[in-house]
Amino acid sequence: MQNTVAKVAVAGSGIAGAVCAATLARNGISVTLFESARGPGGRMSQRREISEDGRELLFDHGAPYFTVANPDVLSVVAEWESRGLVAEWKSNFGSFDCSTNKFVNTEHHKLERETKKYVGMPGMNSICKALCHEPGVESIFNVGIGKFEWLEHENLWSVMGLGGQHLGDFKGVVASDKNIASPRFTAVTGQPPPLDLSLAPELAQLQNIPLHPCFALMLAFNDPLSSVHAKELSFTNSKVLSRAFCESNKPGRSSTSERWVLHSTTEYAEDVIAQSGLVKPSKETLSKVGNEMLQEFLGTGLSIPQPFFMKAHRWGSAFPAASIAEVEKCVWNEKKKLAICGDFCVSPNVEGAILSGLAAASKFKNLASSL
């Protein structure tokens, strides 16, 4: 794809990789970003579906919104807001007890109601889309990384695709995929992880990051769910459902139909994966999961009608259950100019991913003269 040596390769266009790439580019460091999916976003991607009657349906099926407390991230989000990339979602929050089929209210739920929530405009992936197309960022989609090879004598990284094709040589590498050096990569693809653990001692902590799997169910209804007064729900005493979000209630979204996203509990997802494995779930598995999640939602007694569209999606390893670099906020090897960033480094949310992407970029900014 390129014969000349670029500056930095970034693997992954989720919010951590996208923030890192855009920050590097703004500081004069050219970046080539590789993404195996068709478009940017990772867990912040937006799902586009077409119903049987031809209607377009859009769902933020991974990260429904994000919150911010860190001052550095607040300033970044303020800039995004000024560009029209994000807006505040003033949702009304509720918690529903599935054992009593009643809404409940606690101090924790009061805090959730008062927390400012942000969404991407017009979809959660809009932020990553914009960052991946900043001047100085070359984004290449539909290309998965098969191997990062360290060329000791040249002090460079050679990057190969999943098919063995040479993608270029780079002076530095940023990886925003928690599975980049994990056996989990092999379980999913059948290939060795792109980063060999022996390349840097810091990589050892990537080997077995605990993860929370989750199933998302996308639903569309012809009429508003008038009996569900809250547009964002958490569920207690349910073995199947953890949260629900009204997609069509968010700013900038189409309201021609009422769309909801349900997230399963970790335990439910683990049980399904224990039976079906980490390979891509079959249509039969997803159909069974979708029906079970829908039945739990219908069983709340909230007079929910049958949807005209439903589809389940598995997030097999998207939600980290541990933070591996809370102080440094990224994993860094200065000699090889290698950074690992993502929410798994700081905290398992969008804010943590942004902080980690900024931290990885700062490591390279400090070395800009030697790149």
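## Overall build and nonpolar cores

Of the 371 residues of this protein, 56% count as buried (under 20% relative accessible area with a 1.4 Å probe, protein chains only). The model is predicted, so local features need pLDDT of at least 70 and side-chain atom pairs count only at pLDDT 80 or more, while totals for chains, interfaces and linings use all residues. Residues are numbered from 1 along each chain as its sequence is written, and side-chain values use heavy atoms, with hydrogens and water left out.

**Fold and dimensions**
- The protein holds eight helices and 19 strands (DSSP runs: H or I of at least four residues for helices, E of at least two for strands).
- Its radius of gyration, 21 Å, is close to the 21 Å of the globule rule for 371 residues, so the protein is as compact as a globular protein of that length (C-alpha atoms; 2.2 Å times the number of residues to the power 0.38).
- The C-alpha trace spans about 70 × 45 × 40 Å along its principal axes.

**Nonpolar cores**
- The largest nonpolar core has 82 residues, and Ile15, Phe66, Trp80, Phe148, Leu195, Ile340 and Phe364 touch the most other members (buried Ala, Val, Leu, Ile, Met, Phe, Trp, Tyr and Cys joined through side-chain atoms within 4.5 Å).
- Helix 1 (residues 15-26) gives the most to this core, with nine residues.
- A second, separate core of 28 residues includes Val240, Ala244, Val289 and Met293.

**Contacts**
- Leaving aside residues up to four places away in sequence, Leu195 touches Phe148, Trp157, Ile180, Ala181, Leu203, Leu338 and Ile340 (heavy atoms within 4.5 Å).

Notes: Buried means under 20% relative accessible area, exposed over 50%, partly exposed in between (1.4 Å probe, protein chains only).
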